[in-house]
There are 2 protein chains.
Amino acid sequence: MVREKGFWKRERVDEALNRLLGKIKVLGTEHVNVYNLNGRVLAEDIVAGFDIPRFDRAAMDGYAVRAEDTFGASVNNPIMLELAGSVEIGETPEVEVEPGKAVRIMTGAMMPKGANAVVMLEHTRINGNLIEVLKAVTPMKNVSRRGEDIKEGEVVLRKGEILQPQDAGVIASLGIDKVKVYRKPKVAVITTGNELVEVGEAIEGAKIYNSNNPMICNALLEFGFEAISLGIARDSIEDIRNKVSEALKFDAVVITGGTSVGSKDLVPEVIEEIGEIVFHGVSMKPGMPTAAGVVDGKPVFMLPGSPAAALLGFYTFAVPAIYRMMNVKIVARKWSRQRGILQGRVPSETGVRGNVRVHWQDGKVYPVRISGSGVLSSFVRANALLVVPEEREGYEEGEEVEVTLLRDVTEVFE
Amino acid sequence: MVREKGFWKRERVDEALNRLLGKIKVLGTEHVNVYNLNGRVLAEDIVAGFDIPRFDRAAMDGYAVRAEDTFGASVNNPIMLELAGSVEIGETPEVEVEPGKAVRIMTGAMMPKGANAVVMLEHTRINGNLIEVLKAVTPMKNVSRRGEDIKEGEVVLRKGEILQPQDAGVIASLGIDKVKVYRKPKVAVITTGNELVEVGEAIEGAKIYNSNNPMICNALLEFGFEAISLGIARDSIEDIRNKVSEALKFDAVVITGGTSVGSKDLVPEVIEEIGEIVFHGVSMKPGMPTAAGVVDGKPVFMLPGSPAAALLGFYTFAVPAIYRMMNVKIVARKWSRQRGILQGRVPSETGVRGNVRVHWQDGKVYPVRISGSGVLSSFVRANALLVVPEEREGYEEGEEVEVTLLRDVTEVFE
């Protein structure tokens, strides 16, 4: 029997979405290895178990000295120090720097006892077993102090961050090999229609190929979700009921087709039997007949059968709702470019491409202080990169600049 | 022995990269299923094997009629047609529409013989077995013609496209279940340094955790590449040589540490023995000591040990070079927002959010013609979306608008 065309409420997209988000249950958690956490949503705060650096270390290649020994040194008045050994990276120095002595040291190596500064290699000359110091250094000059980058007990990453490669760097540098994340959502995909034939099979008459199912499965993969295709449901209450019941073993369900009121709205009928229809009909083109429901806190997306409307409905409703299951709202996407007013001067050397780590928030761009190029935490504290082209000397405070986000900017629900 | 600090040429980033890209071999190909092609790079043109639609079909719910029979119909002068049956979607109609008859039809159903137009349901009244037509239709009104969306023989997607969910939709709609793509690059990751300890192990003295390796592995995953961690190489020619030789079984190699000229530049030494150093030293901050080489057409990235510089070097050199192995250059990223001047008027209904498919190129935005919301090919012909908010009636030709890219915009090398 052919039913006549009905009407649906045309609800605003944002209102429909917000009501849906309010009804979704958050997924459980699991632990993933630090080598394989990209894109996962953090379900715990990451707290530093020790200082980084763990020890005072050289920030430059040169000689570890007692700063006091170099006072007054200049090119015209070099001060001679006796070479007392060298410290390699990774090695706990056995040598101690006594007054009048110097120890060769590499960037990153542990400062030997007695030394409190590093004279840069460029400011020295070798003269047999003697080192000529050509420039004085103050105490702690060219030394990265213990805890300078991250302090023990500091929260380095908060619950709700979508984990990025730089986060893996910081987590690993804290010796953490596993972190707690929300489970990867498993989403079942059903396409409905008597007219559908699976790809790879022969086609005839008025049949068409099932294109929505592979399309939605790939869209799920794009966001790092797991896609489970349950194939085609025919246009009968029984067939749809069976497929939906199979689909509800997973975390969420996407169904395309069968939502148009009055033609064959069998899918909403089935969902209403076992759960709740949250909206049916939105003021969006294409995609007016889009619907969504919730069964036991699991979202069920009922997208129109027309492929363009189905894909738009997926991005508009399913993506935010599935992230809601991992407790986050995405405010701005990684790699997107954002504009903002620079809140401080950014100097850069002409002829060199500068990559300045900044924090972008609410149309403002804050330069992030960095104590050395080795300081990875700056890549976690900063959420964006400001590129200063070779031709520019930098940017002034108050200038409008364009930055590229280095991570998804998120908000946590709970 | 500690060697003294050397100097390297500071080459511009773009020049260094271009020289590297010129020396890289393209990977082989493989076939992937249409359910799992997201992010893969197409290695063949996709040609339509048949028209889409495959047959004339109704574009509206209503009645299939002979247009001539409705001429002169109006609300005040309805024309009566006799209901001769109905056609369901997916069904080859057995009924033929003879003069004076009408057949009930759903959007997407095959047009029955004899009929050449569809009267919309809204423009009819039912009167027993008679249909009152309240509005005349012209021939082919409300009919989607065979081949209207895609013509047999048409190239739908070209080699070098990075495949997206909407492409899966179009490919599946053509009945194609497998497509030829470039192999997924397998990239080996080595970190060098005597100071390194693997995450999860105990740490002491001047040791630090190996954070670069998990960071780079996650960065590879981010782009859908395969990451193979080969762990830590100690600072000896032998150890590095062994690890590199193991790594060269894969398609590309990322090594962090050991590039700084004069401190311990063992890695470039090893690469020079077996291949070619393409550049060593770039005018980029952080990351001056970044180097790259090629061994048998496989790129070897030698990134500084400092994590921030390593990650920047990865994005700046490794990502474009690895895409080069799949024959593409990425011009602009999916989801990035781009500005452009609208090359035609875009109307939209107030109170409804419009999603207009457009083609963005060289600062210009071209609206893409769409014959129906079901027309998926428009999502492949268009590469961007222009959202018209509920509050606006549309945009005028010549206005500057901001669009969101729906796919990576690429150029092919070969």
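This is a predicted model: local features need pLDDT of at least 70, side-chain atom pairs count only at pLDDT 80 or more; totals for chains, interfaces and linings use all residues.
Residues are numbered from 1 along each chain as written, while chains are lettered from A and ligands numbered from 1 in the order written. Local features need pLDDT of at least 70 and side-chain atom pairs count only at pLDDT 80 or more, but totals for chains, interfaces and linings use all residues.

Biologist: What box do the C-alpha atoms of chain A fill, and what is the radius of gyration of chain A?
Modeller: Along the principal axes, the box is roughly 105 × 45 × 40 Å. A compact globule of 414 residues would have a radius of gyration near 22 Å. That rule is 2.2 Å times the number of residues to the power 0.38, and the radius is taken over C-alpha atoms. Chain A has 30 Å.

Biologist: How many helices and strands does chain A have?
Modeller: Elements are DSSP runs numbered from the N terminus: helices are H or I with at least four residues, strands are E with at least two. On that count, chain A comes to eight helices and 30 strands.

Biologist: What percentage of the residues in chain A is buried?
Modeller: A residue is buried if 20 or more other C-beta atoms lie within 10 Å of its own, exposed if 12 or fewer, and partly exposed in between; C-beta atoms are placed from the backbone. Of the 414 residues in chain A, the buried ones make up 51%.

Biologist: Which element gives the largest share of the side of chain A that touches chain B?
Modeller: Contact means C-beta atoms, placed from the backbone, within 7 Å. By that rule, 80 residues of chain A are in contact with 80 residues of chain B. Elements giving two or more residues to this side of chain A include α3 (165–173), α7 (307–324) and β25 (353–361) of chain A. The largest share, eight residues, comes from α4(A).

Biologist: Which residue of β25(B) is the bridge partner of M284(A)?
Modeller: Strands pair if DSSP finds at least two bridges between them. β19(A) pairs with strand β25 (residues 353–361) of chain B in the parallel sense, over two bridges. Within β25(B), the partner of M284(A) is R353(B).

Biologist: How are the two copies related?
Modeller: Superposition is by least squares on C-alpha atoms of residues with pLDDT of at least 70 in both copies. A rotation of 180 degrees with 0.0 Å of shift along its axis puts chain A on chain B, at RMSD 0.1 Å. The copies are thus related as by a two-fold rotation axis.

Biologist: Which residue of chain A has the C-alpha nearest the axis?
Modeller: The axis is that of the 180 degrees rotation. The nearest C-alpha of chain A lies 2.5 Å from the axis, and belongs to S336(A).

Biologist: Which strands are the edges of the six-stranded open sheet in chain A?
Modeller: The order is β16-β13-β17-β21-β20-β18, with mixed pairing. Inside the sheet, β17 (252–256) and β21 (298–303) of chain A pair in the parallel sense over four bridges. Each edge strand pairs on one side only; they are β16 (226–233) and β18 (276–280) of chain A.

Methods:
Two residues are in contact if their C-beta atoms, placed from the backbone, lie within 7 Å.
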